[in-house]
Amino acid sequence: MSKKPVQFRLNGAERAVFVEGGQNLLDTIRRGLGDTSPKWGCGQGTCGACTVLIDGQPHLACLTLAEAVEGREISTNAGLGANGLHPLQQAFMDHFAAQCGFCTSGMLMAAKALLDRNPNPTRDEVIEAISGNICRCTGYEPIIDAILDAAKRRAA
Amino acid sequence: MTLTVETVPTVADAARRLGTGVRYLGGGTLVMRALNYGDTSVSTILRSSDPALTRVETSGDRIRIGAGVTMAGVMASRDLEALHPVARVIGGPAVRNMGTVGGNLFADPPYGDFAVALLVLDAMVQVEGASEVPLERFLGERRGLVSAVTIRRPERGAFRFRKVSRVKPKGIAVLSMAAYLPGAPGRITGARIAYGNMGPRPIRVAAVEQALEGRGLDAGTIASAAGAALQGVSPQTDPIASEWYRREVAPVHLRRLLEAQS
């Protein structure tokens, strides 16, 4: 099977990896590069568990062709906590915003994209920002509270 | 099976390359999903880096939207302000950064809400290498490589859109409706009404348009439009809603759309 080299930055580090034709970015990050923080959920763009940031914007890694991110900057949840817990991760812990944890990684990346763009969001803006991410455990309230709290902590 | 990816410089190159087993990849929300679910009919994924695909251009009273403009791109365009509320209710933020205007024309129900809005704005579809075709006709065939969609610049306040979902704030549409009512609340000239998820593809609803044409948007007109809401419409039963449910709620939502302050 013919493989193609792809180069991009993953959480600030230059990475190069061989991908198969049609391989998606999620597979590439998880199996190719060993960063298992983005999760495989539905594979069809419904659940948001695979959310990563591409050049700062949220994207679904399972629906992104790996070859399409040549030269781009990818951020995952593993990068968020590289130097101790990120304020969002700490707030998720404090508010019990993770139960089974499967959605957490995608939630955190969707929340990071929001706070990077809008450091002081309203509750409705938080709800909108995570509207593409499904959580089947928490009922969302602890997640929304955690994101609002993280925004407050970053401002303080 | 081995999949190959080909990236070509222009849309014209891409159109020439289309054929059996060759699928054009726009934002990925349709093609990559198909691959994830084991679609073996695809042997080649085609991409193009043509900058024309992502441009929005205005000329006179027409606006040309490149097929590769994403929903986020629509929301970032001042020329497309009337369509911002439509783009905003499609997917979550990640899907909006990926899904494109061109791709939306190929989305089967329960998706394709953007096409519903385009239908009432006299959208013409530019298929590469062919002449422009009206969107309504294109949706019946869905062939060729779409390079752009052009719409009429909407008259201020004349365009309305409603996506009805059971899950808030974001859910799959039970149905969606768009209206273009130039002149309303006074005498309406050139009424356009379209539904999504009320059949196998987005449709114009001629009976409702006729009920509105040439009349003011008063209680009597709205009542006769609501009375015609289901004429010529064959809604489907799917996991989102039954045919019966869609028939029950469509006239109610049409009434609300027409009664809403623009």
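The model is predicted, with local features needing pLDDT of at least 70 and side-chain atom pairs counting only at pLDDT 80 or more, while totals for chains, interfaces and linings use all residues. Residues are numbered from 1 along each chain as its sequence is written, and chains are lettered from A and ligands numbered from 1 in the order in which they are written. Helices (H or I, at least four residues) and strands (E, at least two) are DSSP runs, numbered from the N terminus.

**The sheet**
- Chain B has an open sheet of three strands in the order β1-β3-β2, with parallel pairing; two strands pair if DSSP finds at least two bridges between them.
- β1 and β2 (22-24) of chain B are the edge strands, each pairing on one side only.
- Strand β3 (residues 44-48) of chain B is joined to β2(B) by three bridges, and Y24(B) has L46(B) in β3(B) as its bridge partner.

**The interface**
- In all, 22 residues of chain B are in contact with 27 residues of chain A, where contact means C-beta atoms, placed from the backbone, within 7 Å.
- On chain B's side, β1 (4-8), α2 (31-36) and α5 (93-98) each supply at least two residues.
- The largest share of that side, five residues, comes from α5(B).

**A helix residue**
- A223(B) sits in helix α10 (residues 219-227) of chain B.
- P235(B) is 12 residues from A223(B) in sequence and 21 Å away in space, C-alpha to C-alpha.

How values were computed. Two residues are in contact if their C-beta atoms, placed from the backbone, lie within 7 Å.
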